[in-house]
Amino acid sequence: MTAKLTFRPHHFMCTLGFQGAGYSPGFVENFQAISDQLKGEGGDEAVIEVTDHTDSICAACPHQQDAFCGSDEEFIQSLDRKHRSALELKTGDSITWGQAKKRIAANVNEDKFHEICQGCSWKDLGVCLEALKQLRL
C-alpha cells in the first residue's frame with residue numbers, strides 16, 4: 001500500500017514535467033518515487049488530495065519550513081492560485097492522477113502554460129512545456 005498523496009495545485013504540472021532534477025538529492029529521490037508511482041501500473045488511479053500548504057513533494061525539500069515554503073511562500077501561493085483556477089481545483093478536493101492529466105490537457109494550452117507558470121525557475125528548462133505538448137497529442 002502506498003502513502004496518501006497530497007499536492008499543492010502547481011505540483012500537478014510539475015509532476016507532469018518532472019525529469020529527475022531538484023533542490024537536493026533527498027528532494028529528487030522523494031519526487032522520483034512519487035513520479036514512478038504515478039507513471040507506473042495503476043498510477044492513473046492514485047488519489048491525490050489538493051492542499052494549500054507543503055505536500056508530498058515538499059516533504060523532502062530543503063526549503064520547507066513547517067507547512068510553508070521557506071524559499072518564497074508568497075510566490076508559491078501565487079502559482080497555486082493560478083493553477084487552482086486553471087485546473088478547477090479546490091483545497092480538499094481528491095482527484096486521481098488520470099483525472100488530473102485530463103484536466104491539464106483540456107485546460108492548459110501553451111499560452112495558458114506560460115501564464116500560470118510565469119516566474120517559475122524550472123519553466124525555462126522546457127521540460128514541463130514538452131510534457132504538456134506530449135500530453136495534449
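## Salt bridges

A salt bridge is a side-chain nitrogen of Lys or Arg within 4 Å of a carboxyl oxygen of Asp or Glu. Arg8, Glu73 and Asp80 are linked in a network of such bridges, and the structure holds six salt bridges. The model is predicted: local features need pLDDT of at least 70 and side-chain atom pairs count only at pLDDT 80 or more, while totals for chains, interfaces and linings use all residues. Residues are numbered from 1 along each chain as its sequence is written, and side-chain values use heavy atoms, with hydrogens and water left out.

Lysine 4 forms a salt bridge with glutamate 49, with 2.5 Å between the closest N and O atoms. This pair links distant parts of the chain, 45 residues apart: lysine 4 is in the segment before β1 (5–7), and glutamate 49 is in strand β2 (residues 47–50). Helices (H or I, at least four residues) and strands (E, at least two) are DSSP runs, numbered from the N terminus. Lysine 4 counts as exposed at 58% relative accessibility, whereas glutamate 49 is partly exposed, with a relative accessible area of 24%. In these terms, buried means under 20% relative accessible area, exposed over 50%, and partly exposed in between (1.4 Å probe, protein chains only).

Aspartate 44 forms a salt bridge with lysine 101, the closest N and O atoms lying 2.7 Å apart. Here too the pair links distant parts of the chain, 57 residues apart: aspartate 44 is in the loop between α2 (25–39) and β2, and lysine 101 is in helix α4 (residues 97–107). Aspartate 44 is partly exposed, at 32% relative accessibility.

Glutamate 115 forms a salt bridge with lysine 112, with the closest N and O atoms 3.4 Å apart. Both residues lie in helix α5 (residues 110–116), three residues apart, about one turn of the helix. Glutamate 115 is partly exposed, with a relative accessible area of 42%, and lysine 112 is also partly exposed, at 27%.

## Overall fold

The secondary structure comes to six helices and five strands. Along the sequence the pattern is β-α-α-β-β-β-α-β-α-α-α. The radius of gyration is 14 Å, close to the 14 Å that the globule rule gives for 137 residues, so the protein is as compact as a globular protein of that length. This radius is taken over C-alpha atoms, and the globule rule is 2.2 Å times the number of residues to the power 0.38. Along its principal axes the C-alpha trace spans about 35 × 35 × 30 Å.

Of the 137 residues, 39% count as buried. The protein exposes about 7,400 Å², of which carbon and sulfur atoms supply 49%; accessible areas come from the Shrake-Rupley method with a 1.4 Å probe, and for residues only the protein chains shown count as cover. Residues 24 or more positions apart account for 71% of the contacts (heavy atoms within 4.5 Å) with a separation of 6 or more.

## The sheet

Three strands form an open sheet in the order β1-β2-β5, with mixed pairing. Its edge strands are β1 and β5 (94–96), each pairing on one side only. The twist averages 40° from one strand to the next. Two strands pair if DSSP finds at least two bridges between them.

β1 and β2 pair in the parallel sense over three bridges, whereas β2 and β5 run antiparallel and are joined by three bridges. Isoleucine 48 in β2 is the bridge partner of leucine 5, and the bridge partner of isoleucine 48 in β5 is isoleucine 95.

## Helices on the sheet

α2 packs on the sheet, touching β1 and β2, and its direction makes about 105° with that of β1. α4 lies across β1, β2 and β5, running at about 85° to β5. Axes are lines fitted to C-alpha atoms, for helices over the stretch in contact, and angles run from 0 to 180 degrees between N-to-C directions.

In a regular strand the side chains alternate between the two faces of the sheet. The covered face of β2 has Ile48 and Val50, and the uncovered one has Val47 and Glu49.

## A positive phi

Most residues other than glycine have a negative phi. Glutamate 88 has a positive phi of about 55° although it is not a glycine. Glutamate 88 lies in the loop between α3 (73–86) and β5 and counts as exposed, at 55% relative accessibility.
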